[in-house]
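Please open the model in your viewer and keep the selection tool ready, as this tour moves from one pair of side chains to the next.

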Amino acid sequence: MFNLQNYRTDNIKNDVLSGLVVAVALVPEAIAFAFIAEVSPIVGLYTAFILGLITALIGGKPGMISGATGSVAVVLIGLTLEVSGLLRAQGLGGEELAWGVLQYVTLAALLTGAIQVLFGVFKMGKFIRLVPQPAMYGFVNGLAIVIATAQFKFFEGEGVIMYALVAITMLIMFVLPRYTKAVPAGLVAIVALTLVAYLFGLQTGTVGDMANLSEFKGQLPSFHIPDFILDPGAILVVLPYAVIMALVGLIESLLTLAVLDEMSGTRGSGNQECIALGTGNMTCGLFGGMPGCAMIGQSIINYTSGGLGRLSGVTAAVGLMVLVASLTDVLNVIPIAVLVGIMFMVSIGTFEWSSFSHIRHMPRSDAFVMVAVTLITIVEDLAIAVISGVIISALVFAWKHARIYAKSQVEADGTKVYELDGPLFFGSTASFFDTFTIDRDPPRVVIDFQNARVMDASGVEAIDTITRKYEDANKQLTLRHLSEDCKKLLKAAGPHCTYEVTDPTYKVAVNV
């Protein structure tokens, strides 16, 4: 939880200043993602404030930034389009249509949050560990490219001034930290170049060109329960989208946590992040916001600007709301070019450049996973890319281990002993059967599992099958060094098992 007692003075200063940088950088992101979801810009801004504040206070990783995100917004747009069609069919239009759509959006936020809280309560956040390192490299690299390419649209219709301001911003971000880290370079770039653009009347795009924030001046989130919260029909419409948004949000948030863990050298709590994210989304649903999740770009801005504690996230959220509620005229004149330059530097810092050297030494299968996840992240979606990476890695693992090895010897009394080595599971049962020469084996045979492990029900069934084959050939079979759990699962082979002092004690996965 949030605890100021653990802060030194320099921590507070760095957290506050980095939080202010993030607060400014959040504005165009929140507006853009609200436009993607086809809702009012204020909905995205409320989400950045509410979700950012709650996850900053009780999230699993201090310094993580959450808000409205593109990965969730692209799912939400499917809901808004479907709902718009339903409401138009009922004769609604104009403000009534917009209000009706917002009701469904807030209901989606409530259901999304509830699902995410359940993930945390049942401690399912640990499954992020299933994401292999090559997939993590691919995710980070793909995300860095997505962050960079997402800025290209801001150059449309702009001239030399835009390019110059972007270049100067990047130069400030690169050079200033070499001389001082007392003030975040991003904050210096925002203040200095905004003043230059305003005082000299430079003709370039500003935040106000995206959406006139002055119309939202003085507006604060207000409590409201969605009109359809108990309507079964509305819940059935929203639920499929809520499930997808919950999963997408969890994957992106937990991966952001993992990336920051690697950058900071400290470990956060995935389950706590699930609960915080769910609680934040449910609160967004009660205060006119849309679902969201962790923002890896903004989180890295915060981390690289010196924001390592919860105070940085709180400052970002509260600072955003203060800017929107009272300083919209200032926000309106900030050049988009400065924020684009900051995001370009975030992209450069996010890219795992060491992966180029790693890929030369990786197994081909790992290199394939990394490249595949990178490409899928760019072309499709972060969540789809990561899920694909896990599936590909699992298939590669199964292929690599889809063979069990054995060496055999005939003892002095004529007994043939098969000493197995490797995992016995669904993928290796074929090589398991190929190991034995039943017709040519002597009357007494021993299969020793000391260096093997039975992994699943397919492995158990394979042992039963080979036992029946030896019985049909009227040959005496003995099974050594099987775990107690495995022996209990065996049917035909049970009586052929011996009980040794050195028997292993593992469990067989049959109920997954």
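Begin by selecting K416 and D441, whose side chains form a salt bridge with their closest N and O atoms 2.9 Å apart; a salt bridge here is a side-chain nitrogen of Lys or Arg within 4 Å of a carboxyl oxygen of Asp or Glu. This pair links distant parts of the chain, since K416 belongs to strand β4 (residues 416-424) while D441 sits in the loop between α18 (429-434) and β5 (444-454), 25 residues apart. Helices (H or I, at least four residues) and strands (E, at least two) are DSSP runs, numbered from the N terminus. The model is predicted, so local features need pLDDT of at least 70 and side-chain atom pairs count only at pLDDT 80 or more, whereas totals for chains, interfaces and linings use all residues. Residues are numbered from 1 along each chain as its sequence is written, and side-chain values use heavy atoms, with hydrogens and water left out.

Are K416 and D441 buried or exposed? Both are buried, which means under 20% relative accessible area, with exposed being over 50% and partly exposed in between (1.4 Å probe, protein chains only).

Next, select D261 and K61, where another salt bridge is found at 2.9 Å, N to O. D261 lies in helix α9 (residues 232-264) and K61 in the loop between α2 (41-58) and β1 (66-67), so that distant parts of the chain, 200 residues apart, are linked. D261 and K61 are buried as well.

Finally, select R468 and E461, which meet in a salt bridge at 3.3 Å, N to O. R468 counts as partly exposed because its relative accessibility is 35%, and E461 counts as partly exposed at 42%.
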